[in-house]
Amino acid sequence: MLVKIGVKDLQAGMYVVDTGLSWLEHPYLFNQEGEVRSQGMARDILAAGYTEVFIDDERGDFARTRGGSGGMPQESLAEMLARGPAVRSLPAVPLAEELAVAKAVYEDCLHIAHDLLREVEAGGRVDIDASQHMVDDVISSAVRNADALLALCKLRRHDAYTFSHGVNVSVLAVAFGTSLGLGAVGLRELGLAGLFHDLGKTGIPDAILNKPGRLSAREFEQVKAHPRLGRELLDGQGLAESVLRGVAEHHEKWGGNGYPQGLAGEAVHPWGRIIGVADVFDALTSRRVYKEGVLPTRALGVLYSMRERDYPPGLVERFIKFMGPYPVGSFVRLTGGEHAFVRGSNPARPLFPELLVAFDAAMRPTPWRVVPAVSDVKGPSAIVQALDPAEYGIDPLQYLGEAGR
Ligand SMILES: [Fe+2]
C-alpha cells in the first residue's frame, strides 16, 4: 500500500510513487517514480528542497528485505471500509431522476465559475449573489441524491480544469458535508469556500503556472501565496469569516507541514481541512493535458496514506467511506468477466454497490441487468477491478441516465 513519509526518512531500496499530484500545488512533494538506489540519492532529494514523498511499501528492495510496511502491521483500505457504521443514508430520489436535474445544475455551475474567474482576472469583483445561488442549487441536489452531481464531476469534460475544479471541489465538499451532518449554514459556507478556494491563482503569472520543470525558490513563494491572495480578493464583500478561512487554509496540514502559514492540528479551520481533502481527490482524478486522471480507487489509496499526517484522525476515513471505492459512474470488471457500471452507492457495504451489467467478458453489449447492492458474498458479480471507461470509448452517464427510467 501507499505510505506518505518525510524525505528525511527515505532509505535506499524504497520505491517512490508518482501520485500525479501537481508540483505546483504540492511543491515539497518528490514525485519521480522508481526505486531509490542509494542513500546518497535520498540525501540529494532532501538537498533539492523536497520534504515529502509517497512510497509503495510492497515494492522495491526495502520491502523485500523488511517484508513491507517496515514490519509494521497496517490496516488496509478494504479492512477499514468493512469496519464501523455507514456514513451516509440512502438517497431520497432515484439516480436517473436526479441526474436530469443535476446536469442542468452542473452546467450552470460551470458557467458561473467561468464568469467568476474571467471577472476576477479582469480586475472585477466576485459575484457573491450568483455564487450563493449556485451553492444553494448544489446543496439541494446533494440532499436529494449526492451521487448524481458526484458522477457528473467525475465524468465531466476534460478541457476546462481551471474552473471545473472549483465547481467540483464545491460539490465534493458540500456532498461530504451532508454526510458529516452539517446544517444549511455550514454547507453554504463550505460550498462557497470550495468554489473560491483557488481564486488566488489568478494573481500568479502564467509564466509560473505553465513553467515546465522545477520552480525557483522565489517562484515557489508566489505559488504558496495563492490561498492568502484568494482571501484578500474576497475580503470586504460580506462573506463569513469561516468562508475566508476555508480559502486561506486549504493547503494547511494537520501536521503543520502545509502552507502558507504552517498552521497545525486544531488551528486549521475545519473548512480548510475538508476543502483540502476534496481538492486533492479532484486533482488526482482529473484528466489533464499533461496527465491521465487516476481511478478513484487509487486516489482514495493516496488520501488514505495521508491520514493523520496531513489530515486529522478520522477525516480521510470518513471521506473514503462516503465516496466508496467505486463511486457511482465507475466502470468495473466482475469476477464472472462481465463489465458493469456502478449505479448506486451502498453505504452499509461500500465494496458491493448497485451495478448495471452492460457488457460481456469480450466487451460485447448485453441486455442490461441490475445487480442490487445487498450482497456481501463473493460471487460472479463481485468487483475485481475498476477500469477507465474513456479507454473503451464509453460514456457511463448515457447508461446511468437511461437505465432505471
Ligand atoms: Fe490551491
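## Met14 and its surroundings

Leaving aside residues up to four places away in sequence, Met14 touches Ile5, Asp9, Gly34, Glu35, Val36, Ile55 and Phe62, where a contact means heavy atoms within 4.5 Å. This is a predicted model, in which local features need pLDDT of at least 70 and side-chain atom pairs count only at pLDDT 80 or more, while totals for chains, interfaces and linings use all residues. Residues are numbered from 1 along each chain as its sequence is written, and side-chain values use heavy atoms, with hydrogens and water left out.

Met14 is found in the loop between strand 1 (2–6) and strand 2 (15–16); helices (H or I, at least four residues) and strands (E, at least two) are DSSP runs, numbered from the N terminus. With a relative accessible area of 7%, Met14 is buried, a word that stands for under 20% relative accessible area, with exposed meaning over 50% and partly exposed in between (1.4 Å probe, protein chains only). Between the C-alpha atoms of Met14 and Phe163, which are 149 residues apart along the chain, the separation is 37 Å.

## Helix 11

Helix 11 (residues 241–248) is largely enclosed by the rest of the structure, because six of its eight residues are buried. These buried residues are Ser242, Val243, Leu244, Gly246, Val247 and Ala248, and what covers them includes helix 7 (184–196), helix 10 (226–234) and helix 12 (270–285).

## Aromatic rings

Rings of Phe, Tyr and Trp (its six-membered ring) pair if their centres lie within 6.5 Å, and planes under 30 degrees apart count as stacked, over 60 as edge-to-face and the rest as tilted. By this rule the count comes to eleven aromatic pairs. One of them is the edge-to-face pair of Phe331 and Phe359, with 6.0 Å centre to centre and 90 degrees between the planes. Since Phe331 lies in strand 6 (residues 331–334) and Phe359 in strand 8 (residues 354–359), this pair ties together parts that are 28 residues apart in sequence. Both Phe331 and Phe359 are buried.

The rings of Phe331 and Tyr392 have their centres 5.6 Å apart and their planes at 70 degrees, so this pair is edge-to-face. Tyr392 lies in the loop between strand 10 (383–387) and helix 15 (396–402), so its pairing with Phe331 in strand 6 ties together parts that are 61 residues apart in sequence. Phe331 has a relative accessibility of 0% and counts as buried, whereas Tyr392, at 32%, counts as partly exposed. Phe331, Phe341, Phe359, Trp368, Tyr392 and Tyr399 form one aromatic cluster.

## The loop position of Asp360

Asp360 has its place in the loop between strand 8 and strand 9 (365–371), and its relative accessible area of 16% makes it buried. Not counting residues up to four places away in sequence, Asp360 touches Gly337, Glu338, His339 and Thr366.

## Charges over rings

A charge sits over a ring if NZ of Lys or CZ of Arg is within 6 Å of the ring centre and within 35 degrees of the ring normal. The charged end of Arg59 sits over the ring of Tyr15, 4.0 Å from its centre, and Arg307 lies over the face of Tyr304, at 3.7 Å from the ring centre.
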